[in-house]
Amino acid sequence: MRRLLLWLLVIVGLAGLWAWLQNPERLTLDGGARARAPMQFATLSDGVTAFRLEGPPSAPLVVLVHGFSYPSSLWIDTALALQAAGFRTLRYDLYGRGWSDRPGGPYDLPRFRRQLDELLALLAPGLPVQLVGLSMGGLIAADYAQAHPQRIDRLILMAPFNTAVDVGPLALPGIGDLLAHLAYFPRQPGLQRANFTDARLHTRYLPGFEAQLAYRGYRRAILSTLREIIVRDPTPVYRQLAAEPPPTLLLWGRDDRVVPLAEAPALLQQIGPAASLQVIDAAGHLPQLEKPAATHEAMRRFLAPTLPGGN
């Protein structure tokens with residue numbers, strides 16, 4: 001038994017050493033690193049948040065919330081399209097992603113709600129906003145809208161996270177951390193392929209995902225988010241949203257393999273008659289990248305009533 005235990009400790013130790021050697025997090029995300037980033041920065045209660053606020057100052061503000069792991073750079077073309085349509089846009093990196101800080105503590109809905117609330121208090125105090133959330137960002141947007149219904153004119157949920165996911169042993173502290181470093185994080189860049197129906201787009205957008213991996217704290221943030229949000233049932237958020245919902249558009253890629261279109265009818269029922277569904281053909285989980293013209297036009301039409309003159 002002692003020999004078996006010793007061998008087990010050796011194996012675990014070697015696995016931990018291999019995981020440490022394979023971890024790309026070697027850099028600290030500080031002012032020097034951020035000096036190279038095409039972003040603006042705000043210091044909030046949980047740390048520095050990277051953002052881009054662009055467009056006419058007097059135009060209606062559209063806030064773009066990204067998803068679980070890919071930072072706000074996936075919204076660059078969407079922001080430009082909305083600005084051309086007459087809107088002001090705000091995109092930002094969630095804590096733990098992109099150029100934003102990776103603070104300690106749980107990465108749960110209250111933290112992300114607080115981040116958005118503080119950012120809006122700083123950049124758009126008292127102003128109504130149009131809120132757009134993608135995937136897990138859809139849940140964050142829905143959570144913010146149900147907590148602050150007076151702030152939201154219109155809400156777009158793009159393939160929003162709406163069903164808890166069983167992540168198996170990754171949910172367990174200790175052994176789950178080791179397994180994540182050994183088996184999950186090394187595969188994460190390749191897992192981004194599931195976002196697209198066209199594999200060439202995965203190659204084009206992969207550098208925007210990988211740029212954040214070198215900075216300490218990314219893996220800790222992702223693992224905490226898995227345990228605090230992804231494994232939990234999000235249904236209560238959508239039911240609370242239904243109590244006082246703004247006009248809401250569910251926007252979905254027909255061929256989404258991450259959050260399947262088959263989940264849309266149940267979500268429509270949860271939110272109620274304030275919600276409608278539009279499907280983007282020949283698109284996966286990121287329709288704004290695969291079918292930008294159709295996706296941006298659908299967004300523009302839905303948000304148009306907030307423009308001066310309603311057009």
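## Starting with R52

A polar contact is a pair of N or O atoms within 3.5 Å, where one must be able to donate a hydrogen and the other to accept it. Keep that in mind as you look at this predicted model, because the side chain of R52 makes a polar contact with the side chain of E54 at 2.7 Å.

R52 sits in strand β2, which covers residues 47-54. With 25% relative accessibility, R52 counts as partly exposed. Setting aside its neighbours within four places in sequence, R52 is in contact with P38, M39, Q40, T89, L90 and R91. Now try finding Q22: this residue is 30 residues from R52 along the chain, and their C-alpha atoms are separated by 32 Å.

## A buried arginine

Next up is R102, which you'll find in the loop between β4 (88-92) and α4 (109-123). R102 is buried, yet has no salt bridge. Which side chain of opposite charge is nearest to R102? That would be E25, 6.6 Å away.

What does the side chain of R102 have beside it, then? A polar atom of this side chain lies 2.7 Å from the backbone oxygen of S100, and the backbone oxygen of G98 lies 3.0 Å from a polar atom of the R102 side chain. Leaving out neighbours within four places in sequence, the contacts of R102 include L29, Y107, Q212 and Y218.

## Salt bridges

Side chains of opposite charge can pair when their charged atoms come close. The structure holds 11 salt bridges. One of them joins D177 and R227, at 2.8 Å from N to O. This pair links distant parts of the chain: D177 is in helix α6 and R227 in helix α9 (residues 218-230), 50 residues apart. Are these two buried or exposed? D177 is partly exposed at 29% relative accessibility, while R227 counts as buried because its value is 19%.

R254 and D281 also meet in a salt bridge, at 2.5 Å from N to O. R254 is partly exposed at 42%, and D281 is partly exposed at 48%.

R232 and E228 make another salt bridge, at 3.4 Å. R232 is partly exposed at 45% relative accessibility, and so is E228 at 25%. There's also a network of salt bridges, linking D46, R111 and R114.

## Two positive phi angles

S135 isn't a glycine, but has a positive phi of about 55°. Look for S135 in the loop between β5 (129-134) and α5 (136-147). S135 is buried, with a relative accessible area of 11%.

A282 isn't a glycine either, and has a positive phi of about 55°. A282 lies in the loop between β8 (275-280) and α12 (287-290). Its relative accessible area is 40%, so A282 is partly exposed.

L172 lies in the loop between β6 (152-158) and α6 (175-184), and counts as partly exposed because its relative accessibility is 45%.

Key: Residues are numbered from 1 along each chain as its sequence is written. This is a predicted model: local features need pLDDT of at least 70, side-chain atom pairs count only at pLDDT 80 or more; totals for chains, interfaces and linings use all residues. Side-chain values use heavy atoms; hydrogens and water are left out. Helices (H or I, at least four residues) and strands (E, at least two) are DSSP runs, numbered from the N terminus. Buried means under 20% relative accessible area, exposed over 50%, partly exposed in between (1.4 Å probe, protein chains only). Lys and Arg count as positive and Asp and Glu as negative; His and the chain ends are not counted. A salt bridge is a side-chain nitrogen of Lys or Arg within 4 Å of a carboxyl oxygen of Asp or Glu. Contact means heavy atoms within 4.5 Å.
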